Amino acid sequence: MTQSPKTVLIGGASAFVGDSILGPTQLAQVPGMQYLVFDYLAEMTLSGFSQTRKSNPKLGYSTEFVDYVLPQIASACADKGIRLVANAGGLNPATCAKAVEDQISKLGLSLKVAYVLGDDCMHLMEHMRKSGARDFYTGEAVPEKVDSANAYLGALPIAKALALGADIVVTGRIVDSAATLGILMHEFGWAEDDWDLLASGSLAGHVLECGAQATGGIFTDWERVPDWENIGYPYAVCHADGSFVLSKPSGTGGLVEPMTVNEQILYEVADPAHYVLPDVVCDFTQVTTTAVGSDQVLVKGARGSIAPATYKVSASYQAGYRCTAQVSVFGINAVAKARRTSDTLLKRTRRMLQERGFADFSRYAATVIGAEDGYGPHARPSQCREAIARLVVTHDSPEALDIFSRESRAPGVSFAPGTTSGSALTLNARPPIEPMHRLFTVLIEKELFGSPRVVLQDVEHVVRVSTGGSPPHPYIQAQALETDAAELELEGIGVRLIEIAHGRSGDKGNTSNVAILARDPADFEHLKQVLTASHVKAYFGHLVQGGVQRYEVPGLRALNFVMDQALDGGGPSSLRTDPMGKGMAQMLLEMKVPAPT
C-alpha cells in the first residue's frame, strides 16, 4: 500500500471516571487536533453505575463527562472542529446523550450528538441460563439475578456515527480501543476485513485508552519522569498504513520514549499473539517502537486475523455487602499492636453477630498496612512505627455489618496506645456499608444479537455487523508447571530483576498479567532462560491460586506472564489492598535472578 500523506490526530483524553481534567484541556489546544477519545468504563465502573441506576433509572452514566468536562472544552473543540468520542453512556447512553445535548445548548453551541445502542443484553441472560452457559474464566453457572449485562461492541457503530456527521459520539459498553479504531475506519475508509489495519488501529486505541500511562504515568523508572503536576496526555498521529507516532502536547510534563509505550502495549493483555477484540484478533508479538524525535515514538508492526464470531459479555450482580475498617496505630511495636487490633475487632464482632442471631461473616481479610502483608514470604520485617490495621468483612445482611461498622471506632479508646479512632479518611466517621458486586463473563454468538444502532437527531440507523468469524480462544492456556526444586532457587542470588528489566501489571477480572521487558535488547535471551512461568508461580504462590502462562513478545523483547485466580476475585469483589494487581509488577521486579554475562 502506498503511504497516504493524510494523517489523523487523536488524543487520549481520559483513562477512567475521575481522571484529571488536564487531559482534555491540554489536548484541545494541540495544533491540528481532530479527535478526542474518552474511556470511562472499567469493569468496576459498570458495577457502580448499576447501583446508581437502581436509585434513579435515568442515571447509570458518567455525569462527570457531561457536567465537568464538557463545560471546560466544548467551546474550544467547536471552534477548532475537534470531534469527541466517549463511552460515557455507561448503562444509559440515550439519557447521557440527552444530557450532553442540554449541556451543549446551555453553552450556546450547535453540535450534533449521536449515541450507540445495542450493547445491553439483559434480555439474553435467561436464554444463557437455560442453555447452560458458563463463565469464560471460572466455569461458574449464570447467576440467578444480574444487575447489568453488556456486550463489548466494536468500532463499526462509531465509524457510522461519524459518517453521519456527529460531532460528539456517546456509547455504552465498547471495547476500549474501539473509539480510536472507529475514527480511523471512518477517516481512512478501512474495510471490515482489512485485518492488519484493524489490528494497527486497535493498537493505537489500546495505547491511547489509558491516558498518561503511555506518557510516563506509572512508569517503572518513575524517577526519570519530569513534572508530574503537568504530565502530558498522549496523542497519536495516525497514518493510513496503520503506523502511528505517539507524542504529548508541547510544554507538558511526562516522558514519551519506546519503553513508556512498550509498557502500555502489554498492559492488561493476555496472549499477545491472540488479543481478541470484536473487530479483529490482534497479534502484537512483532510490534516495534522507535524514537523518531523528542517525545515522539513510531509504533508499527501489528498484525490481525479474522474477527471472532462472539461478543464478550460482562454481567454484574450483587453478592452481599462489604465494610472496610481502617484504624491508624502509632508508636513502639506499631505492627504488632495493629495486628492485635484487627484480630480483637474481628473476634468481638463475630461474637456479637452470634449473640444477635446473625450468621458469621461470609468472608473477612485482616491486614496491616506498613507490615508488607501483601508480599507474603518476601516481606521485610521492619521497626515500623506507623501502621494501619485494615479489616474487611462481608455479609449478606447490611444489618449485621452495621454492628461491625459501629464497633470499628471502639479501638481508639479500648485497645493499643497510639491508636486513632475512626476511618483513616474521615475522622470519627463510621466506615460505610457498601453493596459488593461480582462479575460474570460469557461469550455470546454475535448472531444472537440484533444489529447495533446509531441514533442521531432522533433517527435510528442500523449498523450491519458480520456474525461469522473465528471460534473462541482461551484467555489463558493450561500449562504444566512441574519443575525441579533447584530451578526455583533464585532468591538471594544475582541481581534484582528491576536492574535488567521493566515491568507493568494489569487485570482482567480475577486474572493478572505482568509484562517484563528487557532494558537491554541483548538481555532478552537471558531473561527467557532465567524467568520461567514456574519461577513466577513460585514467587507469587501466596497470591496466585491458579496457573501461570508465559508468552514471548520478540518485537518488544518482553515476556508476558498471565496469572489465573490471582486477585481474590478481582476488583469489585476482592478484599485485598491491591484488588487490581497494580503492584504485582513492582513485587516481581524485586525478585533476584542470575546476572547476564
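**Pockets and cavities**

Author: This is a predicted model, in which local features need pLDDT of at least 70, side-chain atom pairs count only at pLDDT 80 or more, and totals for chains, interfaces and linings use all residues. Residues are numbered from 1 along each chain as its sequence is written, and side-chain values use heavy atoms, with hydrogens and water left out.

Reader: By class, what residues does the lining of the second largest pocket have?

Author: Ala, Val, Leu, Ile, Met, Phe, Trp, Tyr, Cys and Pro count as nonpolar, Asp, Glu, Lys and Arg as charged, and the others, Gly among them, as polar. On that basis the lining has seven charged, eight polar and 12 nonpolar residues.

Reader: How much space lies in the second largest pocket?

Author: On a 1 Å grid over the protein atoms alone, a pocket is an open set of points with protein on both sides within 12 Å along at least five of seven lines, whereas a cavity is a set where a 1.4 Å probe fits but cannot get out; lining residues have an atom within 4 Å of a point. Points are joined across faces, edges and corners, and a volume is the space filled by probe spheres set on them. For the second largest pocket the volume is about 480 Å³.

Reader: Which residues line the largest cavity?

Author: This cavity holds about 50 Å³ of space. Its lining divides into three charged, three polar and four nonpolar residues. They are Ser14, Val37, Phe38, Asp39, Asp176, Ala179, Thr180, Gly205, Leu208 and Glu209.

Reader: How many cavities of 30 Å³ or more are there?

Author: Rolling a probe the size of a water molecule over the atoms shows where empty space is left. By the cavity rule, the count of those of 30 Å³ or more is four.
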